[in-house]
Amino acid sequence: MIELKNNSLTFSFPEVHPSACLTINFQRTLRIPDDDKEYPLPPGLGRFPLQHVDDYSKHVPASWIEHGGVMLPMYQSEAMWINFHSDYDIDRATSYPFAIKVATGKTNAVTGSEWTRGLNRDPKQDYVVSPEQPWLDGYCVEEGLIRQFVAMPLGAGYTAEEQVTGKAEHGGLQIAVYPMRREIYERRFPKCDREELAMESTCYYLDEKGPTYVADMGLAPGGRMRQEIYRDPYDLTDWDPDHSSRCFVHIANSMVWHQITGEYPPTTPPTAQEYTRAGLPWFEWYDDKNAALKGSEKLSAMKSVATLGKEKKDVPMSENSPVDPDNVVILHSDSRTGQVREFRDE
Amino acid sequence: MQKCLDGVVSIKYYTVPMNTDFGRYVRSKREALHEKRAEYSVRKVAGRLQIQPSYLSKVERGEVAPPSEDTIVRLARDLNEDPDVLLALAGKVSKDLRSVIMKRPKLFAELIRQLKDVPDHSILRVVREVRDGNW
């Protein structure tokens, strides 16, 4: 079952286990410069607003109603990252594990392959695992490197979908979630003595400082960022294929969000240069327990928005100056409880 | 009924006997308050509602039909009662609920009929799922 609550998607599987509940939200963020330098993780500036497409059936394309799901607004060349969170099960000193497939325009963000049902590891793992993977900021292009998710109009040739498949059919984001089988969870994470449970808590908070058509957006590869996509530390058979849930997340151009919903979209985020100049933090994530996946050849062959823009003699993004982040906050996987890189707007 | 920001509808439940009529209910609540505080006399309550005391007396005795929605809502607030409960006893539905129902009358009629015999604790929260389609 998927619920839309507080601009987050809550995937819950009470039929599997009471703790099997994963929350996914989409964070507004800086667009890192698309200049082939490698950047640390940018901050989260709050959640994108989410709405049921069914609530605006008269104002969205018929295909959106056919797909079902939800929608969010993004400006052209605005960036996002995806935040995964499952509640901490204090009795077992862990968060319930989930396998999560993420695609943009039905092109897998980890492998570059076409969207398929089920989870695959052969020849390549095509999903991420929560809680090991707390965030996904872009396409897995090399080991330890991703290219940031950047919104571009579908049909302009920039999106991952168009670069990989040559077609502009789907747009948006597609997500499928598979919980761990109950018996495996209970075996792998037995209940433990409460007195042994010591939770570290380190928090990093950031201060939050038309037309009659709908522009369907897709996600395209932006600048290069240091982020590892982790290998699944469990067995493939640990995941429960009989209890998955999936959701289509449509992306509407922010310029028409008000026409669709009557509500104004968030303002444009600051540029990377403005943010860095203000001395605000960037982030690095260290996890020495999990191994990183190799990048996808299909995805690494994609051209970034800036590169493609030059070839097309187009100006797809307004600001792309390089920055040198010097305020970088280090986050560690072994002391994660309470650590955040996003503005807390719940 | 309270509509939360996240779209979840939580239903605050009040159990009112089926045969309770509006006037008798209002009178019993007002008199209970009047026993403790003088400001709940018919005259004073009517004064705050800007209606005639004789009219309020007739309403309480069931000699005239319940007043308008606005007056019922003000009366509910004055007596510290739930406006939706008083409106329901008067055979009325508030404007905001009416506009919600009018958007999808068939669906809501069906939903309410289905909930008719469901115990209170089971309808404290109506969950809306994100619909998956064909893709």
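Predicted model: local features only at pLDDT ≥ 70, side-chain atom pairs only at ≥ 80, totals over all residues.
How much area do chain A and chain B bury between them, and what percentage of it is on carbon and sulfur atoms?

**Figure 1. The interface of chain A and chain B.** The two chains, A and B, bury about 1700 Å² between them, with 46% of this area on carbon and sulfur atoms. The size of an interface is often given in this way, as the accessible area lost when the parts come together. Here, 22 residues of chain A are in contact with 12 residues of chain B.

**Figure 2. Polar and charged pairs between chain A and chain B.** Nine residue pairs are in polar contact between the two chains, A and B. Three salt bridges are found across the interface of chain A and chain B. One of the pairs to look for is Asp54(A) with Arg131(B), whose side chains form a salt bridge at 2.7 Å, N to O.

**Figure 3. The side of chain A that touches chain B.** Strand 1, helix 1 (62-67) and strand 18 (245-253) of chain A each give two or more residues to this side. Strand 1 of chain A provides the largest share, with four residues. By residue type, the side of chain A that touches chain B divides into nine nonpolar, six polar and seven charged residues.

Figure 4. Most peptide bonds are trans, which makes the exceptions worth a look. Asp122(A) and Pro123(A) are joined by a cis peptide bond with an omega of about 5 degrees. You will find Pro123(A) in the loop between strand 11 (107-108) and strand 12 (128-130) of chain A. Another cis peptide bond links Ser130(A) to Pro131(A), this time with omega at about 10 degrees. Pro131(A) sits in the loop that runs between strand 12 and strand 13 (135-136) of chain A.

**Figure 5. Asn6(A), a residue with positive phi.** Most residues other than glycine have a negative phi. Asn6(A) is not a glycine, yet its phi is positive, at about 50 degrees. The loop between strand 1 (2-5) and strand 2 (8-12) of chain A holds Asn6(A). With a relative accessible area of 47%, Asn6(A) is partly exposed.

**Figure 6. Lys313(A), also with positive phi.** Although Lys313(A) is not a glycine, its phi is positive, about 55 degrees. Look for Lys313(A) in the loop between helix 7 (305-311) and strand 20 (328-332) of chain A. Its relative accessibility is 78%, so Lys313(A) counts as exposed.

Key. Residues numbered from 1 in each chain as written. Chains lettered and ligands numbered in written order. Heavy atoms only, no water. Buried < 20%, exposed > 50% of the residue type's maximum accessible area, 1.4 Å probe, protein only. Contact = heavy atoms within 4.5 Å. Buried area = accessible area lost by both parts, 1.4 Å probe. Salt bridge = Lys/Arg side-chain N within 4 Å of Asp/Glu carboxyl O. Polar contact = N/O pair within 3.5 Å; in protein donor to acceptor, adjacent residues only side chain to side chain. Nonpolar A, V, L, I, M, F, W, Y, C, P; charged D, E, K, R; others polar.
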